[in-house]
Protein chains: 2
Amino acid sequence: MPEISLRAEQMPASPIRKLVPLADAARARGTKIYHLNIGQPDLPSPKEGLESLKHIDRKVLEYSPSDGYRSLREKLVTYYEQYQIKLSPEEIIVTTGGSEAVLFAFMSCLNPGDEIIVPEPAYANYMAFAISAGAVIRPVVASIENGFALPPIEEFEKLINDRTRGILICNPNNPTGYLYTRREMNRIRDMVKKYDLFLFSDEVYREFIYTGSPYISACHLEGIEQNVVLIDSVSKRYSECGIRIGALITKNKTLRNAVMKFCQARLSPPLIGQIIAEASIDAPRSYSTEVYEEYIERRKCLIDGLNRIPGVYSPIPMGAFYTVARLPVDDSDKFCAWCLSDFEYEGETVMMAPASGFYSDPECGRNEVRIAYVLKKEDLERALLILGKALEAYNARK
Amino acid sequence: MPEISLRAEQMPASPIRKLVPLADAARARGTKIYHLNIGQPDLPSPKEGLESLKHIDRKVLEYSPSDGYRSLREKLVTYYEQYQIKLSPEEIIVTTGGSEAVLFAFMSCLNPGDEIIVPEPAYANYMAFAISAGAVIRPVVASIENGFALPPIEEFEKLINDRTRGILICNPNNPTGYLYTRREMNRIRDMVKKYDLFLFSDEVYREFIYTGSPYISACHLEGIEQNVVLIDSVSKRYSECGIRIGALITKNKTLRNAVMKFCQARLSPPLIGQIIAEASIDAPRSYSTEVYEEYIERRKCLIDGLNRIPGVYSPIPMGAFYTVARLPVDDSDKFCAWCLSDFEYEGETVMMAPASGFYSDPECGRNEVRIAYVLKKEDLERALLILGKALEAYNARK
């Protein structure tokens, strides 16, 4: 039997995957599980998107252009205008989810052995795409103590060497909910300029910013237009994770031509998803407002509730719909597994993502978990009660 | 401005892409173009698939499982049973088109520098996916003289060294339409077994076999079950190229676990495409029969017509909907470009894919073109007339 590749061996399994068999077993015992572990919004997709499906009167479900339908790209131009991001349709390449945008960005920019610097905790799949491209992620660790603010630039500079090719940020951040300030973004800009690096900026959560602080996109930064690669997706903003429509955006034409070769090889992004995404851009302002207000409430409910549990601490996330909280446990991997395998409260338990999966060094974040607030408020309240009971029982064990 | 990766530089541009600006210019001059260059079937998608769109009553377009919906995988099991391919749903991983199946197979099986042997002419994008994985394609060249039959096994064995990890075939073949015989498939099996190689077998055209010869799938070959990776797609069989639903199928569990890590990183295959694909499996037998009969007619029309043009030779393709034909020209790249830039007959011209794009060595197939018969018979007849006139005019030039 021939062997699999070293790359495949190095690929991380999904950080929550190891918990799935435990969750399945708990469900099989009749235990109800509150899923605090997933980033799948429960809120409805816009009516305009869902309705568009009913009006597809094509006879042949044919390939779309490799960079996506122009009509969608033109509409995206107007979408970004709202955020003072000025683009032409040519600067937008439609991808199969934000995931493919990250993969193609890495494939096009990074040689095997090249390094990118990523503030951690970070979205676990960046690592998977870096391994796919043979590239190396060098982490700078942000701390829960200051709410996961950008680590000092000196921490980045310590890691810069002749293999360093880029910096990757996620803003607002998954998993921490942190929103980079103008000052922090300017520091990133200066560093990108000084060392002529790529700046990969994943901004798929821009709709979810809960404070008065401004959203500073990588595309707002002057003087590094040729260095910026924006990663985007409609998944979160329209609750349309399943349609797999994202975008890779850059003003760097050489890079776009390179990315297009990867796009042509995979022929086209999903046709039906593009139709839905295009229609969803027409959703009225009230759609986003309602979604936004719902998350504002949930955020308050979750963060207040977490900080009321003895020994638990969560900074207040400024955006996205996650928080990384510190729990009074020795090892959150063990605690999260225990919640599924050995605990229930009135027939119910909680599933969370241990934060170790969001750090390169699994020793970091040993007592942290990522919690998503994509449940109804009543369910969040109930989940918080259960989490409190679980922590009590866990720490009373020994 | 930071540089793009070497990998991106090596990535081939689509072989027909360089002709697109010429085609655009011809159209702008008012010239009608018969597209013999594309593999997008013009026949309608099954009603069942199109209708399924109207009945989607979900409120949230959520992620599907990373390996695809179980209901789709179960239905695919029954689909493959018709072809005496026995599978369990666990052995089928749903991918974003056959393209992603090829990419994930290479990523999971091949280390940078590893080699796979591919009979050529071959589908151009295999090369792109090999480059993405850092792997090397070693070609064995099939000849138009014997209808692009499998080259002798000695030709393969000459290339086998300690970096050789697999063999890739496409059966029925794109671009040649060749169907491997039982004897050829057994030879491949013996070689795969002897050297313990992976056998990547792209069989997306299995519905399109026009002779009484049997379809021998890689999955029919005994004793190499752990070596076979079947690449599949619903694109061609249901005229659903746009929905991006394919599959990677293997009985090798270690490999499946590896592939699943790449699947989890990209989260999920397209949700709506899976719904359409699942419904399309319910299309009545009459759907496939009608499509099949249409292609039988077109094939006859095209191949007879080609061989009637002085100096043109096309073998009779046994499957798929392409042929590679030899033209009486010095350089088919130049001729195909000239058809678009310098020729018209009664306001019309033809666009073909120069075969050079289907060989690693562009010197091979210098006087060959790939022609797809995905046009109505009347259009094919007209295109053949125009091709004849073009050849006359081209060769009268000097």
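Predicted model: local features only at pLDDT ≥ 70, side-chain atom pairs only at ≥ 80, totals over all residues.
## Domain organisation of chain A

Chain A is divided into domain 1, made of residues 6–44 and 286–396, and domain 2, which covers residues 59–280. The C-alpha centres of these two domains of chain A are 26 Å apart. Across the boundary, 37 residues of domain 1 of chain A make contact with 36 residues of domain 2 of chain A. Together the two domains of chain A bury an area of about 3,000 Å², and carbon and sulfur atoms give 64% of it.

An unreviewed UniProt entry annotates residues 33–384 of chain A as "domain: Aminotransferase class I/classII large".

## The seven-stranded sheet of chain A

In chain A, seven strands form an open, mixed sheet in the order 2-8-7-6-5-3-4. Strand 2 (92–95) and strand 4 (136–141) of chain A are the edge strands; each has a single partner strand, so one side of each lacks a neighbour in the sheet. On average, and ignoring direction, neighbouring strands of this sheet are turned by 25 degrees against each other.

Helix 8 (residues 182–195) of chain A lies across strand 5 and strand 6 of chain A, at about 165 degrees to strand 5.

Strand 5 and strand 6 of chain A run parallel and are joined by five bridges. Gly166(A) is the bridge partner of Phe198(A) in strand 6 of chain A. Five of the five residues of strand 6 of chain A are buried. In a regular strand, side chains alternate between the two faces of the sheet. Phe198(A), Phe200(A) and Asp202(A) lie on one side of strand 6 of chain A, Leu199(A) and Ser201(A) lie on the other, and all are buried.

The loop between strand 6 (198–202) and strand 7 (228–233) of chain A holds Asn227(A). Is Asn227(A) buried or exposed? Asn227(A) has a relative accessible area of 6% and therefore counts as buried. Not counting residues up to four places away in sequence, Asn227(A) touches Val192(A), Asp196(A), Leu197(A), Phe198(A), Leu199(A) and, from the other chain, Pro2(B).

## Strands of chain B

In strand 12 (residues 368–372) of chain B, five of the five residues are buried. Here Glu368(B), Arg370(B) and Ala372(B) point one way, whereas Val369(B) and Ile371(B) point the other way.

| Strand pair (chain B) | Sense | Bridges |
|---|---|---|
| Strand 2 (residues 92–95) and strand 8 | antiparallel | four bridges |
| Strand 7 (residues 228–233) and strand 8 | antiparallel | four bridges |
| Strand 9 (residues 322–326) and strand 12 | antiparallel | five bridges |
| Strand 11 (residues 353–354) and strand 12 | antiparallel | two bridges |

In strand 8 of chain B, Ala247(B) is the bridge partner of Val94(B), and Leu248(B) stands opposite Ile231(B). In strand 12 of chain B, Val369(B) stands opposite Ala325(B) and is also the bridge partner of Pro354(B).

Leu50(B) belongs to helix 3 (residues 47–54) of chain B. Its relative accessibility is 14%, so Leu50(B) counts as buried, the cut-off being under 20%. Apart from neighbours within four places in sequence, Leu50(B) is in contact with Arg58(A), Lys59(A), Leu61(A) and Ser45(B). Leu50(B) and Thr289(B) are 239 residues apart in sequence, and their C-alpha atoms are 19 Å apart in space.

How values were computed. Residues numbered from 1 in each chain as written. Chains lettered and ligands numbered in written order. Heavy atoms only, no water. Buried < 20%, exposed > 50% of the residue type's maximum accessible area, 1.4 Å probe, protein only. Pairing = 2+ DSSP bridges. Contact = heavy atoms within 4.5 Å. UniProt positions renumbered as here; feature names shortened; annotations may be inferred. Axes fitted to C-alpha atoms, helices over the stretch in contact; angles between N-to-C directions. Domains from an automatic or database assignment. Buried area = accessible area lost by both parts, 1.4 Å probe.
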